[in-house]
Amino acid sequence: MFIDLGKDWTTGPPSDYQRFIPMTYAFEIAFHHYELNVYVNDHNIIDKPLLRDENALLTLRGTHLNLMTDILLMEFRPESTTIPFAVDVPDSSLSLSLPRWNINALHAPRGGNSLANIHSLHVAGSYQYFSEVCPNYVEQLKLKFDLRDVAFKNLGWSIRYFMVFRENYLGSFTHFVTLYEYLDRRKKNQPLGDPVSSKYRPGKNNILQTEIQVFIHDGTVIMPAGLPGYSSIHENDSGIGDCLILTLPNLQLQFRMHDHYMEMSLNVSSFSGGLIHNYPEQVTYKKEVLTGLKDILHIDGLDIIANRLFGPQPRTATYVCIWEVSLGPTKILLPASGGRLLAAAVNAFRLNFVDALNAPASEYLPPVDPDGQFLVTFCDSIASFRKTVSFVKFSIKSFDMIWKAGQAVVVFNLPRGINLNSNDLGGRFHRKLISLKVPDIHIKILLTSQPHGSRWLEAANFSADAYADVYTAPRGYREIARAQIAYIEEQDHLTGRARRMFTPLGAHNAEILSNSDLLIHNCALKYVICLEPMPHKNGLYLPHPTLPEQHRLGASVNLTRIEYTRRPRSNAARLSDSDTEEGVSEADRDARLAKTRSSTPAPRSIYEDDQNMSSGDESDDEDLTDVSSASDWSEFAGK
C-alpha cells in the first residue's frame, strides 16, 4: 500500500526549471498505546479478517511509537534521491495469537502467547532510488536495528510463523486471497502465490540491494523444556514450567542481498545458559525473574556465515549455498537432573519447530521449483533430489562436559574439537559426502566415597580419535550429477561465478578420469573453462567464492625406514643405486625410478595429521576461502 502510494505521488511529467521550487517534507508520526496486528496465515489466506479466532496474528504492543522521515527535494531533476527515516519503539512486547483449530491455542492466554519483550528498539535507515531505469543503477535500502534488553521465548513453532511472515510480506505470497479464491486456483491448476514470471518485465526496474544490520545488547532466549500449558504442576500455576535460559550479552548480524547474491554473518560473543524452574508466561526483560538461575553451559563465541548464489531473473533461483558454523570453546557442567532438562529443552524445540500437526499438509505446500529438482524413478517409486549445491562446514574449537550423578562423575573432553564437513556436489562415485574429524576423544569416570568429598579417584579412562568419510550413492546418482551440472551451468551463465569456483575440480578431473568416466563429466569439463573473474555486473559488486588450492595428500611426506637392529653393513649396502650402476645415463635412471613409484599418494602419518590439526585450528575470522583449511575440501580432488 505504501509503495503504491509513493508511486502515485511521484508519477507525472517533471516540471520545468522556471516552476521548480526547492522543498523539504518532514513527516513525524506518533502512536500512543498502540496495537499493531499483522496477519501470518499460511499462504496469506485471509477469509474472515475481523474474527481473531480465525487468523494467526502477530501483535506488537507498546506505549509509544515514533516515526520520522525527511524527503529532500532541493535539487532540480536529481539523478537519485535518498530518503532517510528513523523509528523509535520504547518498551514494547510481541505476542502471537493462533486460530482456534490450532492445537497450541488450547491453553494459550486470552491475549495470545507472549513471545518477546523489548526495552528499547531503534531503527535507522535510508532508501535511495533513481529517477529513471538504467542497467547501471542500483537502488539501496539500508536498515540498522539497535535493540537493548531483549527477551525472546523460543517456542519452536513460533519460528515457522516468522517464516510465514517473511513469505507473506517479502516473499512469494504478498497478495492475500480468500479461501474460495485459493481453492479455485487449485482446482484450475493455477500457480499459487504471486505470478512472478508473468509479471516480470525486463528493463522496467532497477536492481535493489538490501543491507541490514542488527545489534542486540543484553539478550535473553527462553527455551521451554515442555509444551506450554501442559508443564504446570498445580492448576493455579501461570508459568510455562522448566526452561533453558540463554544469556547473550552481544549479538551482531550483517545481511546483504540483491538479485545475484546473498551473504549473511551472525556473530555472538561469549554467552552462557542455565536452567530455571517455572518461568512466567509473560516474557519480560527484567532480570528479577531469573532469580535462582543455575548456569550449566558456557560457549565462547558463535559465528555463522552464509553465502548464496542466485540465478537470472525473474526466479533468481539459488544454485550454490555455502554455510559455515563455528562454535568457540564449549564447557558444560551438568547434574543428573540438569542433563534431563537440557535434553528435554532441545528435543522440545526440535519437535515443535516442524509443527507437523498445524502446518499445511504436503499436498498443499507451494510447489518447489521444478528446474531445481530432479526426479528418479525406480521400483515403482519416485525420489526427488535437489540440484542446488550446498557446502556445510561445522566446527567446535574444543568441548568439555562434566556430568555428575551422585558420587560418580563422567568427564567428556574433546581438546581439539570437532570438524564436520558436508557437500552434495555429485562426483564419479557418490552423490553426497560427509566428513567427520575428531582428533582427540577423552572420557574419564571419577568416583568418590563421600557425598561432598573433594577427593576423586579415577575409575576408568578411555582415549580415542574418530575420522569418518560417508559417501552416499543412491540409485541413479550419475544421472543426478549430470542434471546438477547442467542446472548450475544454466543458472551461472550470466556471471560465471560457479564456473570459476569449480574450475580446479574440472582441471583435476580431466587428468585422472578414464574415457568411460568422461561421459559423466562431459558437460562439467566443457563448462569449467577458466575465465577472468567478473567482480562487477552493471556496477554491482559480485563476490566470487573460491576453493582453497588443491594439493596431493602425502606429497610432502618423507617416510624413512627405521633400523631396529645394529648390523654391520657392507660397503655395497651403503652405496645408492646410482653408485652401483655404472654406464647408465642419468635420464634413464630417473625414468626407471619414476616407473617403480606407486601412483597412489603415500599415506599421511599420524604425526603429520596431528601437526596439521594443531597448526590449523580455525580462528574466529576464518572462512571457507582460507588456504589453511584446504584439507577439509580435499575430497573434491577425486571427483
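# Briefing on salt bridges, helices and surface features

The count of salt bridges in this structure comes to 9. The model is a predicted one. A search of the whole structure for disulfides finds 0.

**Salt bridges**

- Glu281 and Lys153 meet through their side chains in a salt bridge, at 3.3 Å from N to O. This pair links distant parts of the chain, 128 residues apart: Glu281 belongs to the loop between β9 (271–276) and β10 (294–299), and Lys153 to strand β5 (residues 138–153). Both Glu281 and Lys153 are buried.
- A salt bridge also joins Glu263 to Arg256, with the closest N and O atoms 2.8 Å apart. Glu263 has a relative accessible area of 26% and is therefore partly exposed. Arg256 is buried, because its relative accessible area is 11% and the cut-off for buried residues is under 20%.
- Asp440 and Arg416 form a salt bridge between their side chains, at 3.3 Å from N to O. Asp440 is in strand β20 (residues 432–447) and Arg416 is in the loop between β18 (408–414) and β19 (418–423), so the pair ties together parts that are 24 residues apart in sequence.
- A network of salt bridges links Asp42, Arg160 and Asp355. Of these residues, Arg160 is listed among the buried residues of α2.

**Helices**

- Helix α2 (residues 157–170) has 14 residues, which should span 20 Å at 1.5 Å a residue; its end C-alpha atoms are 20 Å apart, in agreement with that expectation.
- The buried residues of α2 are Trp157, Ser158, Arg160, Tyr161, Val164 and Asn168. Viewed down the axis of α2, these buried residues fall within an arc of 145°, so they line one face of the helix.
- Helix α6 (residues 477–491) has 15 residues, which should span 21 Å at 1.5 Å a residue; the C-alpha atoms at its ends are 21 Å apart, which agrees.
- In α6 the buried residues are Tyr477, Ile480, Ala481, Ala483, Gln484, Ile485, Tyr487, Ile488 and Gln491.

**Nonpolar surface patch**

- Ile21, Met23, Tyr25, Phe27 and Leu73 form a nonpolar patch on the surface, and together they have about 440 Å² of accessible area.
- Strand β1 (residues 23–39) supplies the largest share of this nonpolar patch, with 3 residues.
- Leu73, one of the patch residues, is placed in strand β2 (residues 57–73). Leu73 counts as partly exposed because its relative accessibility is 32%.

**Cysteines**

- Cys134 has a relative accessibility of 24% and so counts as partly exposed.
- Cys321 counts as buried, because its relative accessibility is 4%.

**Backbone features**

- Most residues other than glycine have a negative phi, and most peptide bonds are trans.
- The peptide bond from Gln313 to Pro314 is cis, with omega near 5°. Pro314 is found in the loop between β11 (302–310) and β12 (318–327).
- Thr316 also lies in the loop between β11 and β12. The phi of Thr316 is near 45°, a positive value in a residue other than glycine. Thr316 counts as partly exposed, because its relative accessibility is 23%.
- Asn189 is not a glycine, yet its phi is positive, at about 55°. Asn189 is located in the loop between α3 (179–187) and α4 (196–199). With a relative accessible area of 71%, Asn189 is exposed.

- Leu293 and Leu244 are 49 residues apart along the chain, and their C-alpha atoms are separated by 9.4 Å.

Notes
Residues numbered from 1 in each chain as written. Predicted model: local features only at pLDDT ≥ 70, side-chain atom pairs only at ≥ 80, totals over all residues. Heavy atoms only, no water. Patch = residues over 30% accessible without salt bridge, like charges linked within 9 Å, V, L, I, M, F, W, Y side chains within 5 Å. Areas by Shrake-Rupley, 256 points an atom, 1.4 Å probe, with all protein chains shown as cover. Salt bridge = Lys/Arg side-chain N within 4 Å of Asp/Glu carboxyl O. Helix = DSSP H or I, 4+ residues; strand = E, 2+ residues; numbered from the N terminus. Buried < 20%, exposed > 50% of the residue type's maximum accessible area, 1.4 Å probe, protein only. Disulfide = S-S within 2.5 Å. Expected span 1.5 Å × (residues − 1). Arc of directions from axis to C-beta.
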